[in-house]
Amino acid sequence: MKGIRQLAEHLDISIGTVSRALNGKTDVNPRTRQRVLEAAEKLGYVANQSGRSLRKGSTGVIGFMMQTGPEITGQGDTFFMSVFDGVQTVLARHNLDLVALLCSSSEDPDAYLQRTVARGFADAIILSATRRNDARFELLDRQNIPFISLGRSLTDVGQPWIDLDFEGMAETAMERLINAGHTDIGVVWPHGDLNLGYIFIERCREVLARHNLTLRDEYIFRARPNEAGGYAVAQEIAARPTRPTAITLVNETLVTGLYKGFEEAGIKPGKDIAIIGRHSPHTQFLSPALTGFSLSLHDLGISLAEGLLSVMPAYKDIYPATYRRVWPMALIEGESG
């Protein structure tokens, strides 16, 4: 059995009653609803999602677009898994489903999103990996598709966004290192044209300038956001005749590779070079303990979902505040910097 018509014929009740029972309508007798649900499960009823979407004018699906691939996510992306959990906590209140839209690192993200939009796959979108100038914002705006971005961009169509406090991270990290006597400080610029890299570097320069210091171009290291990227940066630093005495990085997946590379080169974090990074489930096992920034990814996911629902017509009365928010991170002191 596949269709609602066959299910209605089996129960000898109208298709309309079966439909309302399956969709949880309150005007259906509780006993009838129970009969319908039990029969649907027993007989293998499968909803015609495309037909349902046409009738309702919606899919009940929220898409979360992220880029993936070994050069981006390395050995796994615990960041997004935790954010997803928070997002789904909110969506479940409204019987909405979260679907990850996985754009390969080898594919153009603009083309990927355009194809997804053309298929009418999702009612609304959460965007990540926002670039300095991001055409995806304009595409979704032209198509009148509600969305929220995890990250800012110079491209701005008035959508809600939440971004991690990379300015605050740069401010705190630079002041801490300068107060510890460091004048030659290096930073790791995240791969690609991600806007967070510009935000972080600009604030680092501002803080250093207040102390009559500069961020030397040769101390800005480019790296893929994974373990291998951190390892490569450590090798590059170790091979130089002069190197920074401290380094700070915004991507949490780099840290374990950085430690490993320094260990092999005989450079001890916290002693020969100070390191300030971001915490992840993997960094808790590092020695010496990492000085880094931490945040609640679950709570971040909750706020992302509520911000998105605030611009969706069916839910904006429940979540009325369309907002833009810089998400705080707390410094956890360790022994590395």
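Predicted model: local features only at pLDDT ≥ 70, side-chain atom pairs only at ≥ 80, totals over all residues.
**View 1. The pairing of β5 with β11.** The strands β5 and β11 are joined by 4 bridges and pair in the parallel sense. Within β11, Arg 324 is the bridge partner of Trp 161.

**View 2. Helix α10 and its surroundings.** Helix α10 comprises 16 residues (residues 195-210); at 1.5 Å a residue it should span 22 Å, and because its end C-alpha atoms are 23 Å apart, the two values agree. The buried residues of this helix are Asn 195, Gly 197, Ile 199, Phe 200, Ile 201, Cys 204, Val 207 and Leu 208. The elements against which the buried residues of α10 pack include the strands β5 (161-164), β6 (185-190), β7 (220-223) and β8 (246-249), together with the helix α9 (166-179). Just after α10, Asn 212 adopts a positive phi of about 60 degrees.

View 3. Rolling a probe the size of a water molecule over the atoms shows where empty space is left. A search of the whole structure identifies 1 cavity of 30 Å³ or more. The largest cavity holds about 40 Å³ of space. Its lining consists of Glu 227, Glu 252, Thr 253, Thr 256, Ser 280, His 282 and Thr 283.

Notes
Residues numbered from 1 in each chain as written. Heavy atoms only, no water. Helix = DSSP H or I, 4+ residues; strand = E, 2+ residues; numbered from the N terminus. Expected span 1.5 Å × (residues − 1). Buried < 20%, exposed > 50% of the residue type's maximum accessible area, 1.4 Å probe, protein only. Contact = heavy atoms within 4.5 Å. Pairing = 2+ DSSP bridges. 1 Å grid on protein atoms, 1.4 Å probe; cavity = no way out; pocket = protein on both sides within 12 Å on 5 of 7 lines; lining within 4 Å. Points joined across faces, edges and corners; volume = space filled by probe spheres on them.
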